[in-house]
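Trainee: I would like to go through the salt bridges and the pocket of this model. Please show it first.

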Amino acid sequence: MEEARDLLEAQRREALQRLASLTGDFHEVVAASRDSNADDEHDPEGATIAFERSQVTSLVQQVQQQLAEIEAAFDRLSVGTYGTCENCTQPIPLARLQVRPAARTCITCAQLRTT
C-alpha cells in the first residue's frame, strides 16, 4: 500500500502543477481579452479569445476531476477498501493500479461501463 500512496502522491503533485499552469494560462487569456477591444460578435479575434478561455476552463475542470479521484483513492486507502472494485468487490489487479492508482473498478467492470 505504500507504493500506492507514493503513486497517488506523485499524481497529485503533477495535477496540482498542471492546475497552477492552467490557472496562469487562464489569467493570461482573460488579461488579453481585457486589453483588446474584443467584441466577440464583430471582432474576428473575439471568437478565438472565447474559444481559448473555454478550452482552458475545460482543461481546469478535467484536472479538478482528476484531483477529486486521487483524493477519493486516498480515502479508500485510509478505510481499507483501496484496490477493491466498487462494482463487483473483486480485487483490482496490481498492474491496473500501477497504471491508474486512483482506479475505482477492475478492468472488466470499467469495460462494462464504457459499452
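Mentor: This is a predicted model. At 23% relative accessibility, Glu69 counts as partly exposed.

Trainee: With which residue does Glu69 form a salt bridge?

Mentor: Glu69 lies in helix 2, and its partner lies in the loop between helix 3 and helix 4, so the pair ties together parts that are 35 residues apart in sequence. The closest N and O atoms are 2.7 Å apart, and the partner is Arg104.

Trainee: Is Arg76 buried or exposed?

Mentor: The cut-off for buried is under 20% relative accessible area. Arg76 has 7% relative accessibility, so Arg76 counts as buried.

Trainee: Which residues are linked in a network of salt bridges?

Mentor: The side chains of Arg76 and Glu86 meet in a salt bridge at 3.7 Å, N to O. Glu86 also forms a salt bridge with Arg104, with the closest N and O atoms 3.1 Å apart. Arg104 in turn pairs with Glu69. The network therefore consists of Glu69, Arg76, Glu86 and Arg104.

Trainee: Which helix gives the most to the lining of the largest pocket?

Mentor: The largest pocket is lined by 15 residues, and Glu69 and Arg104 are among those nearest its centre. Helix 2 (44–79), helix 3 (94–99) and helix 4 (107–114) each give two or more residues to this lining. The most, four residues, come from helix 2.

Trainee: How many residues of that lining are charged?

Mentor: The largest pocket has a volume of about 290 Å³. Its lining divides into six nonpolar residues, four polar and, for the charged class, five.

Methods:
Residues numbered from 1 in each chain as written. Predicted model: local features only at pLDDT ≥ 70, side-chain atom pairs only at ≥ 80, totals over all residues. Heavy atoms only, no water. 1 Å grid on protein atoms, 1.4 Å probe; cavity = no way out; pocket = protein on both sides within 12 Å on 5 of 7 lines; lining within 4 Å. Points joined across faces, edges and corners; volume = space filled by probe spheres on them. Nonpolar A, V, L, I, M, F, W, Y, C, P; charged D, E, K, R; others polar. Salt bridge = Lys/Arg side-chain N within 4 Å of Asp/Glu carboxyl O. Buried < 20%, exposed > 50% of the residue type's maximum accessible area, 1.4 Å probe, protein only.
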